[in-house]
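Take a walk through this structure, one site at a time. Keep the 3D view open as you read.

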Amino acid sequence: MQSPPVVPYITAHENEPTLLPPVLRRHGPEGPFLGFVDEASYDRDGWGALWTRQALVPAGRRGRPRLERVHALRQRRAMWDALCQVCGKSLGNEDRYLFLMRDAGRPIGERERTTSPPVCVPCARISLEACPHLRKGAVAAWVNDFPVWGVAGVAYDPETLEVIPGDDLVDVRYDSEELRWVVAARRIVSLHGVEPVDLGKLHAA
Ligand SMILES: [Zn+2]
């Protein structure tokens, strides 16, 4: 019998749609910024970024996994609490963390930015076999630290308050002006103390 397919912790399911509530222009001491009409304190993170709303549904009631989608809040939590993005277990307060990415034709570099949270070694091995994207080619690295850099999100026009058209999320630094006009969907971290990993050795380890 085949083992069931692995559904990563950060995957969004069909009963967890992303919501973009109505927005308005707010005014603060440093100028105007985007807000939700019915904004609550939980809509922003500690850096003041406005986050998309996404239902958090208990594991048994989430419906079918949508493997092409990432759950914004579980991704954010995995980055902040250093959870394995596949099994969701805490990786603890270690001096190194494993990151696994699609091969972009080069090893993972120092201070490279990513929205893909760390993985534990057993899940890295499973992912390399089970994930269609990683099967085509993957790179991995041990990383000493991964401080937050910013968010990837949906950008709004400061004048019209309409979403700026585009297929991709835009990357915005936490200390930038652009952060005022973005609804975040992923946290971006910067990888520090990068030591590339030979995937063959990871399998053997
Ligand atoms: Zn894991």
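This is a predicted model: local features need pLDDT of at least 70, side-chain atom pairs count only at pLDDT 80 or more; totals for chains, interfaces and linings use all residues.

Start at the zinc ion. Its protein donors are the SG atoms of Cys84, Cys87, Cys120 and Cys123, lying 2.3 Å from the metal. Which geometry do the four donor atoms give the site? The site is tetrahedral, with angles of 98 to 120 degrees among the donors. Tetrahedral here requires all angles to lie between 85 and 135 degrees, so the range of 98 to 120 degrees qualifies.

Now look at the sequence. The donor residues follow the spacing C-x2-C-x32-C-x2-C. The pair Cys87 and Cys120 links distant parts of the chain, 33 residues apart. Cys87 sits in the loop between α1 (72-81) and β8 (97-102). Cys120 sits in the loop between β9 (113-114) and α2 (121-130). Are these two cysteines buried or partly exposed? Cys87 has 34% relative accessibility, so it counts as partly exposed. Cys120 has a relative accessible area of 17%, so it counts as buried. The cut-off for buried is under 20%.

Next comes the largest pocket. It holds about 1,200 Å³ of space. Its lining has 33 residues, and the closest to the centre are Gln85, Arg102, Ser116, Cys131 and His133. Which elements contribute to the lining? β7 (65-70), β8, β9, α2 and α3 (132-135) each supply at least two residues. β7 gives the most, with four. By class, the lining residues divide into 19 nonpolar, seven polar and seven charged.

Turn to Val7, in the segment before β1 (11-13). Val7 is partly exposed, because its relative accessibility is 34%. Beyond its neighbours within four places in sequence, Val7 is in contact with His13, Pro65 and Val86. The C-alpha atoms of Val7 and Ala130 are separated by 9.9 Å, although the two residues are 123 apart along the chain.

Finish with the backbone. Most residues other than glycine have a negative phi. Ala82 has a positive phi of about 55 degrees and is not a glycine. Ala82 lies in the loop between α1 and β8. With a relative accessible area of 7%, Ala82 is buried. Leu161 also has a positive phi, near 60 degrees. Where is Leu161 found? Leu161 is in the loop between β11 (148-155) and β12 (170-173). Its relative accessibility is 18%, so Leu161 counts as buried.

Note on methods:
Residues are numbered from 1 along each chain as its sequence is written. Side-chain values use heavy atoms; hydrogens and water are left out. Donors are N, O and S atoms within 2.8 Å of the metal (3.2 Å for Na, K and Ca); water is not among the atoms, so sites may look incomplete. Four donors count as tetrahedral if all angles lie between 85 and 135 degrees; four count as square planar and six as octahedral if opposite donors are over 155 degrees apart and all others between 65 and 115; anything else is irregular. Buried means under 20% relative accessible area, exposed over 50%, partly exposed in between (1.4 Å probe, protein chains only). Contact means heavy atoms within 4.5 Å. On a 1 Å grid over the protein atoms alone, a cavity is a set of points where a 1.4 Å probe fits but cannot get out, and a pocket is an open set with protein on both sides within 12 Å along at least five of seven lines; lining residues have an atom within 4 Å of a point. Grid points are joined across faces, edges and corners, and a volume is the space filled by probe spheres set on the points. Ala, Val, Leu, Ile, Met, Phe, Trp, Tyr, Cys and Pro count as nonpolar, Asp, Glu, Lys and Arg as charged, and the others, Gly among them, as polar.
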